[in-house]
Amino acid sequence: GYPTDQILSGLTPLPSEMAIGATWNFELSQKVGEVRGRELAALGFNLFFGPSLDVLEVPAVSGGDLGTRVFGGDPFWVGEMGRAYVTGLHAGSENKLLVVAKHFPGVGGSDRLPEEEVSTVRKSIDQLKQVELAPFFAVSVNALSPESTVDGLLVSHIRYQGFQGNIRATTRPISFDPQALKQILALPEFSTWYSNGGLVISDDLGTRAVSDFYTSGGGQFIARTAARDAFLAGNDMLYLGNINSSDSPDSYASTISIIDFFAQKYREDPAFAQRVDSSVARILAVKL
């Protein structure tokens, strides 16, 4: 539905995640997922960025949050509803749709929309495990079946303060921070899922939040640099969106520049080439 969906007609009208969460009914969540999975697969889609497994404890009146795109404010119930929804997406599409949960590792504790501005969540890793990360556990290590297991995680552009024990230390946006992202994926709750081929996908690199982060010191936004940083942080796939580099006339030229840059790095840098091959192998394995 508008404004988060560009398919404006022709599909079955479905309730939002918040409406589904208000029913407290897992079966309804799975049925909605089945309808969406069946119709998207019929249209030829094989990749779905959703559902949102963010835990939104206090919705903002001003609309500066994820709104109705979340199941609710309780981590257990968000996980249960999300698991049922993921099961439905896989069943409805006859496993022809890769399901990528978002916005990992959870932006419910932030105070602004992830696509508009990089915000900071002040929580330790143990606090994140109790709230933000709990729903993602439900569709990875605690998934009840292959159908209820997500194929990938969409990594958000959000910073965490106190994440690694030092209350004064703040990570880079997690999608660009190799140390922080690696630390989360190494948790026992994710390590098996990841070693079994789970995909890690960056959130939209073409958002204002990303360009503002890179130009905060007064410099230009060079799209290929941001793409390189996101890739080397551990993302297997990069969602470029309407990315627009300061040194390119439009999004198309920016995208071509990124691809050319990666191709050149692949030829010249053996370590980079090995990293590309590793991600390509993961992607192909999941697609097969």
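What share of the contacts in the chain with a separation of 6 or more comes from residues 24 or more positions apart? Some notes on that and the rest, bearing in mind that this is a predicted model.

1. **Overall build.** To take the opening question: residues 24 or more positions apart account for 70% of those contacts. The chain is made up of 11 helices and six strands. Its C-alpha trace spans about 50 × 45 × 35 Å along the principal axes. For 288 residues, a compact globule would have a radius of gyration near 19 Å, and the 18 Å of this chain agrees with that. As for burial, 48% of the 288 residues count as buried.

2. **The main core.** The largest nonpolar core holds 43 residues, and the members that touch the most others are Phe104, Leu133, Val150, Ile184 and Phe190. Two or more residues each come from α2 (26-43), α3 (75-92), β2 (98-104), α4 (125-130), α5 (134-138), β4 (152-155), α6 (178-185) and α7 (188-195). The top contributor is α3, with five residues.

3. **Phe190 up close.** Leaving out residues up to four places away in sequence, Phe190 touches Phe104, Leu133, Phe136, Phe137, Ser140, Ile184 and Leu185. There is also a second, separate core, with 20 residues, among them Val210, Ala223, Ala226 and Phe272.

4. **α2 against α3.** These two helices pack at an angle of about 35°, their axes 6 Å apart, and the crossing is right-handed. On the α2 side the contact includes Phe26, Val32 and Arg36, and on the α3 side Trp77, Met81, Tyr85 and Leu89 are among the residues involved. Glycines take part too, including Gly33 and Gly37 of α2 and Gly88 and Gly92 of α3. Sorted by class, the contact has eight nonpolar, seven polar and four charged residues.

5. **α10 against α11.** Here α10 (residues 251-268) and α11 (residues 270-287) pack at about 115°, again with axes 6 Å apart, but the crossing is left-handed. Phe262, Lys265, Tyr266 and Glu268 of α10 meet Pro270, Phe272, Ala273, Val276 and Asp277 of α11. By class that gives six nonpolar, no polar and three charged residues. Phe272, in this contact, also belongs to the second core.

6. **Ser175.** This serine sits in the loop between β5 (159-161) and α6. Is Ser175 buried or exposed? Ser175 has a relative accessible area of 0%, so it counts as buried. Its contacts, setting aside neighbours within four places in sequence, are Val155, Ser156, His157, Ala230, Ala233 and Asn235.

7. **Two cis peptide bonds.** The bond from Gly50 to Pro51 is cis, with omega near 5°, and Pro51 is in strand β1 (residues 47-52). The bond from Phe104 to Pro105 is cis as well, with omega near 0°; Pro105 is in the loop between β2 and β3 (120-122).

8. **Positive phi away from glycine.** Trp24 has a positive phi of about 55° although it isn't a glycine. Trp24 lies in the loop between α1 (17-23) and α2. With a relative accessible area of 53%, Trp24 is over the 50% cut-off, so it counts as exposed. Asn95, also not a glycine, has a positive phi of about 60°, and Asn95 is in the loop between α3 and β2.

Technical notes
Residues numbered from 1 in each chain as written. Predicted model: local features only at pLDDT ≥ 70, side-chain atom pairs only at ≥ 80, totals over all residues. Heavy atoms only, no water. Core = buried A, V, L, I, M, F, W, Y, C linked by side-chain atoms within 4.5 Å. Buried < 20%, exposed > 50% of the residue type's maximum accessible area, 1.4 Å probe, protein only. Helix = DSSP H or I, 4+ residues; strand = E, 2+ residues; numbered from the N terminus. Contact = heavy atoms within 4.5 Å. Axes fitted to C-alpha atoms, helices over the stretch in contact; angles between N-to-C directions. Left-handed = near helix turned anticlockwise from the far one by under 90°. Nonpolar A, V, L, I, M, F, W, Y, C, P; charged D, E, K, R; others polar. Rg over C-alpha atoms; globule rule 2.2 N^0.38 Å.
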